[in-house]
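The sequence and model come first, and the notes follow by topic.

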Amino acid sequence: MAPDVRVRAGHSVTVSIVSHRHGEMVGNLVRQLLNFPLVERILVTHNVVEEAHVPTDSRVTEIWNSVPIGFGENHNTAFKQCQSEYFCVLNPDIGFLEDPFPCLLETITSWDGAMVAPRIVNRNGQTEDSARHFPTLSRILAKLVGISDGRELRVFGDKPFCPQCVAGMFMLFKSQEFSALRGFDAHYFLYYEDMDICVRLWKLKKRIVLDPRTPVIHDAQRQSHKSLRFLSWHLASMLRFLLRYQWRLPKVGPWSCSDPQKLDRS
């Protein structure tokens, strides 16, 4: 259960969701979001021609692409319509146990974060690997042979902390920080754009915070495990990331500890 928090008046969130034949799943997510008072606007991008299941509401805007574009480019395009203080990137396969936004906004404010994420759990309530170390060639190889899964085990606690990376199924940004970064790197069509934006935040000494007290459900699709096309996108993005950052990753040191009062930007 999330703590009872009060967020400063004026805080508001624009949510961006990209649908790629996700059908009723998107409609269910939008209906949940419409019950959350801090959600000011919901932008649903239809990346392909599909039947719309999105409820009609003044807070909902649908964007229809004439041709499919990548994950990052879709959210960057949606962000152009964001006038809220916060911008939230959500996968269509997210579901809620409760309203996560009051707690998350309290956390990003008290920690002076640039981006905050909740604990991600599966349908059985088990914590997923959403908090991760920076991908490196050695960590990727260790994951392939089953030595390590790359996740940050601190997420099993109940206190907010600063991971190196968080997965892109739920990212809540301060809009000014997302704008300063010019959003996601659209050169990644799919996969690793979330890792890339985390690296760029840390390079600028901007904090990424994960709050385990606010779990949300992820009904993972794991398409790269099922489709050669998705697997090829995954491998291409992995190669792009490694070539860009393999020996140029930021050092996220003692100032990423679990006490916001001890974080040192020096």
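**Helix H1**

- Helix H1 (residues 24-33) has as its buried residues Val26, Gly27, Leu29, Val30 and Leu33.
- These residues lie on the same side of H1, because they cover an arc of only 165 degrees around the axis.
- The cover over the buried residues of H1 includes strands E1, E2 (39-46), E3 (60-64), E4 and E5 (94-96), together with helix H3 (101-110).
- The model is predicted.

**Strand E4**

- Strand E4 (residues 86-90) is largely enclosed by the rest of the structure, because 5 of its 5 residues are buried.
- Tyr86, Cys88 and Leu90 point one way from E4, while Phe87 and Val89 point the other way.
- In a regular strand, side chains alternate between the two faces of the sheet.
- Both sets of E4 side chains belong to buried residues.

**Pairing of E4**

- Strand E1 (residues 13-19) runs parallel to E4 and is joined to it by 5 bridges.
- In this pairing, Ile17 stands opposite Leu90 of E4.
- Strand E9 (residues 170-174) pairs with E4 in the antiparallel sense, over 5 bridges.
- Here Phe87 stands opposite Phe173 of E9.

**Cysteines**

- The structure contains 0 disulfides.
- Cys82 has 14% relative accessibility and therefore counts as buried, the cut-off being under 20%.
- Cys88, one of the residues of E4, has 0% relative accessibility, so Cys88 also counts as buried.

Technical notes:
Residues are numbered from 1 along each chain as its sequence is written. This is a predicted model: local features need pLDDT of at least 70, side-chain atom pairs count only at pLDDT 80 or more; totals for chains, interfaces and linings use all residues. Side-chain values use heavy atoms; hydrogens and water are left out. A disulfide is a pair of cysteine sulfur atoms within 2.5 Å. Buried means under 20% relative accessible area, exposed over 50%, partly exposed in between (1.4 Å probe, protein chains only). Helices (H or I, at least four residues) and strands (E, at least two) are DSSP runs, numbered from the N terminus. Two strands pair if DSSP finds at least two bridges between them. The arc is that of the directions from the helix axis to the C-beta atoms. Contact means heavy atoms within 4.5 Å.
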